[in-house]
Amino acid sequence: MNILITLCLLLCSDLMDCAIGYLVVSIEPLPPVVMGDTVTLKCNFRTDGNLREIVWFRVTEGGRSKQKIFTYDAMYNTNFSHMEDYRRREEFAYQTTVRLPEVQMEDNGPYECHVGIYDRTYREKVVLASGSIAVVVMSPPKSISVIAVDQPTRFNRYEAQNFTLLCTVTGGKPAPVVYFKRDGELIEVLPSTQSSDGAESRGLSVPIDSRSLISRDLDDTKLQRSISFLNPGIEPARSDGVRPQQRYTSGATGQEGPKPTTEIIPETVVSREFPRWVLSSSPLYYFDYTETEANDGTIEVQAMLTWHLNPQLDSEAMFSCEVKHPALSMPMQAEVILSAPKGPKLSATPCRAKVGDTVRIAVEGFQTGVKGNEVFPEPLFTWSHVGGLLLDGSAEREGKVLVLERVPAELNGSLYRCSAENPLGSTNSYLRLIIFENPRIKKETLQFNVADSGGAEFGPTHIMLLLSVTLEFT
């Protein structure tokens, strides 16, 4: 029995020696890399045969095409050991590497390592195996900007306005995470896909019990006026909380009540600059987010933050758009400070304007500002002539520059107003135009007047001479 088992083991060993050689190929995993880094791809393989060749491919066009980037042919290299007895089973471990210096976005994609060995039994037979890996190239965002949507626009102090900040981030892959902060604190946002009715109910018409309004719950004058409109028979209370004395009319008994000797006039309340009863002190912010793939494979992200603007609370508030990305060591951010324009500085060129010159009145900046002369959002500038129309006959004109062509002498001392306004407030600046006489135009006018006066003086003289000569001949 033992002899039979020994014969079986010897037979199995002979069959294993006759079997073809084996080849196992694997590529070491690679984490995502940042654009500009140097990447090393490592391909490991184990075999008991003789190496024939190693080929690296870059797979393009979605796998339809392969580009050869590295080739090794063992026929022309004698560094590898040759087994003296090819029937003796030996196992060898190899590693081949490929370096990709300063990878770019076009280097993103799959790579393949193909290995070929000679079969142990049949020297002319080649055994092939391959492995693949996907190189993920990350690109950090290149730029970030924050602008105000639908600006410039006019200032409206009696109607609540929706205000939207648009943050645009370009050059990132994968898409970055974008969020907004106000004065350094993260803003809790709601998706903008909610219905507009719900937004209005939460943003403008908020119950007094559920939300605290600014400084006062309601304006007294507005409340009294609303009550008087709803119930005409009810007289509004005075500002001191006492209702006017009731007036009694003659009833069935024929008795008359006491008549007031003086009429009490309610206290006059001057309307505020901003309607404090409209907006909440803690508005709801709505967030919208879109992604667009660029031609170079990067992602452009646009994030919008919308809320009901409150000029009292939002003035001088700093809003920042911040970006987190795996290719960045710290967040990238862009910030803006909401501010109302305050006194635009005006200048006129030329400094000494003469009659007939073209005068340009321009806005050079602002008298005060949060950061130098910066005002955000961009104001809307409107020009007008105080007490009259502009030279072209229009009442006003928009723009940062007002051009007056061929100014006449009548405009000397005229006053021009520049109104600067954005959703946070408005302001006016004035410039008085001083026009000097133009010597050239005065000289031409003087010559023309002399010629006219000369013709009027010497004309009768010539006529008298002509008449005297005619009489002598007759």
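**Notes on a predicted model**

1. Strand β22 (residues 380–385) and strand β25 (residues 415–422) run antiparallel and are joined by 6 bridges. Within this pair, T382 has S419 of β25 as its bridge partner. Strands count as paired if DSSP finds at least two bridges between them. Strands are DSSP runs (E, at least two residues), numbered from the N terminus.

2. A word on the basis. This is a predicted model, where local features need pLDDT of at least 70 and side-chain atom pairs count only at pLDDT 80 or more, while totals for chains, interfaces and linings use all residues. Residues are numbered from 1 along each chain as its sequence is written, and side-chain values use heavy atoms, with hydrogens and water left out.

3. Confidence comes next. pLDDT is the predictor's confidence in each residue, from 0 to 100. The protein averages 75, and 65% of the residues score at least 70. Residues 78–89 stay under 50, yet the model gives them 19 contacts beyond four places in sequence. A contact means heavy atoms within 4.5 Å.

4. Look at the hairpin of β4 and β5, which has 4 residues between the strands. β4 (residues 50–60) pairs with β5 (residues 65–73) in the antiparallel sense over 8 bridges. I54 has Y72 of β5 as its bridge partner. In the turn, E61 has a positive phi of about 55 degrees.

5. Buried means under 20% relative accessible area, exposed over 50%, partly exposed in between (1.4 Å probe, protein chains only). Strand β3 (residues 39–47) pairs with β6 in the antiparallel sense over 9 bridges. C43 has T96 as its bridge partner in β6.

6. Check two cis peptide bonds. One joins Q151 and P152, with omega about 5 degrees. P152 sits in the loop between β10 (143–148) and β11 (161–172). Another runs from T349 to P350, with omega near 0 degrees.

7. D183 is not a glycine but has a positive phi of about 55 degrees; D183 is partly exposed at 46% relative accessible area. R406, also not a glycine, has a positive phi of about 50 degrees. R406 counts as exposed, at 66% relative accessibility.
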